[in-house]
Amino acid sequence: GADRALEEARLGMWNEKSIAVLPFINRSQLQEDEWFSDGMHDELLSRLARITALKVISRTSVMRYRDTDKSLPEIARELSVATILEGGVQRVGQQVRINVQLINAHTDEHMWAEIFDRELTAENLFAIQSEISEKIADALNAELTPQEKSRIHDLPTSSIEAYNHYLYGRRLLDAYGTEESMQALQEFEQAVEIDPEFALAWLGVVDASMASRWLGKLDFAQVE
């Protein structure tokens with residue numbers, strides 16, 4: 001009928017090279033590992049965003065589906081995407097397991113799925129992110145330029161310790177509190193002390209300094 005024709009027309013309008021990466025599930029026993037899973041999710045989004053042929057839904061838009069009971073086709077309709085990536089992260093001791101699956105939102109069928117079991121090192125984490133990005137681009141026939149290929153294989157730091165401080169700092173900064181911003185600043189400062197070449201952590205230092213100053217002024221204004 002007319003409804004079906006309208007729905008098919010709507011599906012046809014979707015960009016076949018569009019993707020929503022749902023928040024990763026923390027499969028660790030530890031609740032505090034949630035920030036690590038979120039960090040993996042953020043990192044993957046930032047790598048995918050470097051591929052111009054892909055339409056990647058923003059973090060803000062996908063975060064509202066963290067604990068949703070909506071079906072994948074429903075989510076895809078709301079976000080107008082052709083594909084959805086979902087996954088989980090498990091950190092146990094010195095090992096990390098990341099499992100991901102790419103789903104065709106039209107048919108609700110798997111296009112690609114993989115489990116990465118690696119030793120927990122910064123190089124391995126970034127290599128997994130790069131591999132996932134390339135596999136997605138490949139599955140969606142999104143051509144990568146040599147520059148994009150090099151950008152998605154970027155290694156921000158080779159220190160897992162610095163990276164952990166950075167991820168925890170980002171999580172604290174997301175809380176938008178004066179105390180959390182000051183704690184985040186300490187985390188970022190520890191990250192750059194371990195690896196002075198870690199540009200993202202230096203950016204964190206700037207963000208956290210500005211946030212704590214701004215939030216501090218707000219707190220002071222409320223006291224007055």
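This is a predicted model: local features need pLDDT of at least 70, side-chain atom pairs count only at pLDDT 80 or more; totals for chains, interfaces and linings use all residues.
I take buried to mean under 20% relative accessible area, exposed over 50%, and partly exposed in between, with a 1.4 Å probe and protein chains only. Residues are numbered from 1 along each chain as its sequence is written, and side-chain values use heavy atoms, with hydrogens and water left out.

**Entry 1. Overall.** I looked up the secondary structure and found 9 helices and 6 strands; helices (H or I, at least four residues) and strands (E, at least two) are DSSP runs numbered from the N terminus. The chain has 224 residues, of which 43% count as buried. I then turned to contacts, meaning heavy atoms within 4.5 Å. Among those between residues at least 6 apart in sequence, 62% join residues at least 24 apart.

**Entry 2. Positive phi.** I note that most residues other than glycine have a negative phi. Asp108 is not a glycine, yet I read a positive phi of about 65 degrees for it. Asp108 sits in the loop between strand 5 and strand 6 and is partly exposed, at a relative accessible area of 42%. Ser80, also not a glycine, has a positive phi of about 55 degrees.

**Entry 3. Helix 4.** I listed the buried residues of helix 4 (residues 72-79) as Leu72, Ile75, Ala76 and Leu79. They cover an arc of only 100 degrees around the axis, and therefore lie on the same side of helix 4; the arc is that of the directions from the helix axis to the C-beta atoms. I recall that an α-helix has 3.6 residues a turn, so residues three or four places apart point the same way. The cover over the buried residues of helix 4 includes strand 1 (18-21), strand 3 (55-56), helix 3 (59-63), strand 4 (83-92) and strand 5 (95-104).

**Entry 4. Nonpolar cores.** I use the term for a set of buried Ala, Val, Leu, Ile, Met, Phe, Trp, Tyr and Cys residues joined through side-chain atoms within 4.5 Å. The largest core holds 45 residues, and those with the most contacts inside it are Phe36, Met40, Leu85, Ile98, Ile132 and Ile136. Helix 5 (residues 122-139) gives the most to this core, with 7 residues. Apart from this core I found another, of 13 residues, among them Ala20, Tyr65, Ile75 and Ala76. For Ile136, leaving aside neighbours within four places in sequence, I recorded contacts with Ile19, Leu48, Leu54, Leu85 and Trp112.

**Entry 5. Helices 2 and 7.** I found that the axes of helix 2 (residues 34-48) and helix 7 (residues 160-173) come within 9 Å and cross at roughly 95 degrees. Axes are lines fitted to C-alpha atoms, for helices over the stretch in contact, and angles run from 0 to 180 degrees between N-to-C directions. Helix 2 and helix 7 are therefore roughly perpendicular to each other; angles under 35 degrees count as roughly parallel, over 145 as roughly antiparallel, 65 to 115 as roughly perpendicular and the rest as oblique. Helix 2 contributes Glu34, Trp35, Phe36, Asp38, Gly39, Met40 and Glu43 to the contact, and helix 7 contributes Tyr163, Asn164, Leu167, Tyr168 and Arg171.
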